[in-house]
Amino acid sequence: MKQKVLSKPSVKRASKKSSIANEASEPLKNLEGFGDYLQAIIDSLQDELMVIDKDYHIILANNAVLVKHGKQRQEVIGQYCYEISHGRAEICRPPHHECPINAVLETGKPARATHIHVYDVKGKRRERYVDIIASPITDSQGNITAITELMRDVTEAKDMELKIAEAHRELSALNAIATVVSQSLDLDTVLSSALDKTLELMDRNTGGILLWDEEKQILCYRVYHGLSKEHVQRVCCRLGEGIAGKVAQTGEAIQVKDISKEPGTVHPSLVNAEGLRAFASIPLRAKDKVLGVLNVASHKARKFSSEDIRLLGGIAAQIAIAVENAKLHQDVQRKDEIRGELLSEMFSIQEKERRRIARELHDETSQILASLGANLEAAVGMLPPGARKSETILRKTQALSINILDELHRLIYELRPTLLDDIGLVAAIEWLVDNNLRTAGILGNFKPTGRIRRLNPQLETVLFRVTQEAVSNITRHAHAKRVDISLDFKKSLIKVRVRDDGIGFDVKEAISSKDRPRGLGLLGMKERVELVNGTLGIRSRPDGSGTEINIEIPINQEVPSE
Ligand SMILES: Nc1ncnc2c1ncn2[C@@H]1O[C@H](COP(=O)(O)OP(=O)(O)OP(=O)(O)O)[C@@H](O)[C@H]1O
Ligand SMILES: [Mg+2]
C-alpha cells in the first residue's frame, strides 16, 4: 500500500463544547445552523463517533469518545485518530489492523473493521474490541471531504466468540481423536493414529505415548514421532523418574516451557541429542489407574496455554479409554483362542474315545454275542428229538441275541461309522439317512453335488457330526415327514443343507435356553463349525413351516482320494 507522509495538522483548538463550527474543518461549516442540535444528537450516542479528515485528524468527537478515553475535547480534536484509538504513532496497517478510512478513500463506500482500541484512563490501560463502521462525507460534487467512524465496543461478544471458537476447537479435536481411536481395536494401531492426530491438532511435530508395564513396573514408549529410536529405547522409566515418571505417579499433567533451563527434570539426551525445548506430559487415566503418559514436545521454547493443556487432558482421556478397550479386546481374543484350542482338543479326545469304545464293542462284545448265537445254534442241534419246548426257548434266545447284535452294530456305527474313515462322508451320510430317518418312518432324500472328493479327516468328522445332530434332532423333535439333505462340494467351500418339513422351533430361545444339560446339540454344532472357520445358520419358526440348517465351511486343506 502506498505510504502516506503524515504531518500534524494545524487545527484551531475549540474553547466551548457546543461550537462545532469552530472545531470543524471547512466541509462541516455548512452545518453551522445545526450545531447545537447535531452535537446533542451525537452526544446522546453510547457508541463512539468521530469525524476524521483525509489526513487522519479528528475533527469531531462525541461525548462517548471523551468519556471512554478519559480526555477533554481539546485533547482529542486535531489529534491523529490512531494516536487516540491505539496509542500508537503510526497509521493502522496489517498485520495489526486494516485502516477502514483508507478503504473508504479508495472505494468511496462505507467500510467495516474490528480493531483492538486502547483506553488509557487514569493510568489504567484497557484493551477493547471495537467494531468500526467508517462512512464517507461528500461535498456537492461527490468528493469525499471527511469520514465518520462509528465505533461500538464488542469486547463481550468477541470474548464469547473466542470462547465458542475455543470450545469448537476442543470439541472438533476430541471428535477427531474419538473417530481415529474407534477405528480399530488393535493397541498399536489405536495408539499411533491417536498420536498422529494429537500432534496434528496441537501443531507440534514431536511426541509419544508411553504405557505402564504392570509386570515390569516400568513406563516405556509404545509409539513415538520425531524422536530417535536410541532415545526411545533408552528412556524407560520407573514411577517418579523424569517428567513422565512423575506424571504417572501423581496422575497430574506437567508442562515445561523450556526443558533446557531445567536440568535434571528430563533425560539429558532429550535436550542435547533430540534438541527439544517445550514439553508437556499428560497422564492417560482410566478410572483410578494411570495406564500411561502422552508426551507432546517441540524444538522451540513455547509455553503450552491452559487451553492446550485442557485439550490435551481431554485427548488423553479418550486415548486411555481406547487403550483399555484394546487391552480388554486382546484379553478376550487370547481367551477365545484358548477356548478354541480346548474345544478342539475336547472334540478330538471325544472322537478318539468313541473310536476306542466302538472298537472294543466290535472286537469283544459283538464277538461274544456272535459266539453266543453260534452256541445256541449248536445247542438246538444237540437237543433230543421231541424236546420242542426247549427248542422254542433256545430259538427265541437265539433271535434275541441276533437282535442285540444288530442293535450293537448300529450303536457301533453311531459312535464312529467305519464308512466315514473308509469310504468317506457321502457314504456315511447315506448310512445316516437309511438307518436313522427311514427307520423312523421319515422320507429321507440325500443329494451330493459338485466334485465329490475326500476331505481332510477333521473336516469330514465335523460335517458328519453336525449332520448327525441335525438328523437326530429331526427324529426326536421335528415330527417331520420328509427331510432333504444336500452336500455341495465347491472348489474351495463345502456346503451342507438339512431341511425338514416338521413343526419348527424358536431358534433364539432354544440356543439361549438355560435348560441344560439337554439342549447342547445346536451349540455343539455351532462350536464345531466355527472351529474350522465355517458358518452355521438355522432358519426355523414354531409355525409348522419346518427347519432349515445351512453350513458353509471353507476348504483349505485336502487329502488326496484313496
Ligand atoms: N429340526 C427341529 N425341529 C423342531 N425342533 C427342533 C429341531 N432341532 C432342534 N429343535 C428344538 O431345539 C431344541 C434344542 O436342540 P438341541 O439339539 O440343542 O438340544 P436337544 O436335542 O434337546 O438335546 P441334545 O441335543 O443336547 O441331546 C430342542 O430341544 C428342540 O426343541
Ligand atoms: Mg439335539
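Helices (H or I, at least four residues) and strands (E, at least two) are taken here as DSSP runs numbered from the N terminus. The model is predicted, so that local features need pLDDT of at least 70 and side-chain atom pairs count only at pLDDT 80 or more, while totals for chains, interfaces and linings use all residues. Residues are numbered from 1 along each chain as its sequence is written, and side-chain values use heavy atoms, with hydrogens and water left out.

**Exercise 1. Describe the second largest pocket and state which element gives the largest share of its lining.**

Step 1. On a 1 Å grid over the protein atoms alone, a pocket is an open set of points with protein on both sides within 12 Å along at least five of seven lines, a cavity is a set where a 1.4 Å probe fits but cannot get out, and lining residues have an atom within 4 Å of a point. Grid points are joined across faces, edges and corners, and a volume is the space filled by probe spheres set on the points.

Step 2. The volume of the second largest pocket is about 460 Å³, and among its 17 lining residues Trp212, Glu214, Lys289, Leu291 and Lys327 are the closest to the centre.

Step 3. Two or more lining residues come from each of strand S6 (206–213), strand S7 (218–225), strand S10 (289–298) and helix H12 (306–382), and H12 gives the largest share, six residues.

Step 4. With Ala, Val, Leu, Ile, Met, Phe, Trp, Tyr, Cys and Pro counted as nonpolar, Asp, Glu, Lys and Arg as charged, and the others, Gly among them, as polar, the lining of this pocket has eight nonpolar, one polar and eight charged residues.

**Exercise 2. Determine how H12 is oriented relative to helix H8 (residues 187–202) and relative to helix H18 (residues 521–531).**

Step 1. Axes are lines fitted to C-alpha atoms, for helices over the stretch in contact, and angles run from 0 to 180 degrees between N-to-C directions. Angles under 35 degrees count as roughly parallel, over 145 as roughly antiparallel, 65 to 115 as roughly perpendicular and the rest as oblique.

Step 2. The axes of H8 and H12 come within 9 Å and cross at roughly 170°, which makes H8 roughly antiparallel to H12. Their contact (heavy atoms within 4.5 Å) includes Leu187, Val190 and Leu191 of H8 and Leu311, Leu312 and Ile315 of H12, and its residues divide into 13 nonpolar, two polar and one charged.

Step 3. H12 and H18 pack at about 110°, with their axes 10 Å apart, and are therefore roughly perpendicular to each other. This contact includes Arg339, Phe347 and Arg354 of H12 and Glu527 and Arg528 of H18; by class, there are three nonpolar, four polar and five charged residues.

**Exercise 3. Identify the residues and elements that line the largest cavity.**

Step 1. The structure holds three cavities of 30 Å³ or more, and the largest cavity contains about 100 Å³ of space.

Step 2. Of the 13 residues that line the largest cavity, Cys81, His86, Cys92, His115 and Glu149 lie nearest its centre.

Step 3. Helix H5 (81–86), helix H6 (100–107) and strand S3 (111–121) each supply at least two lining residues, and the largest share, four residues, comes from H5. By class, the lining of the largest cavity has eight nonpolar, four polar and one charged residue.

Methods
Chains are lettered from A and ligands numbered from 1 in the order in which they are written.
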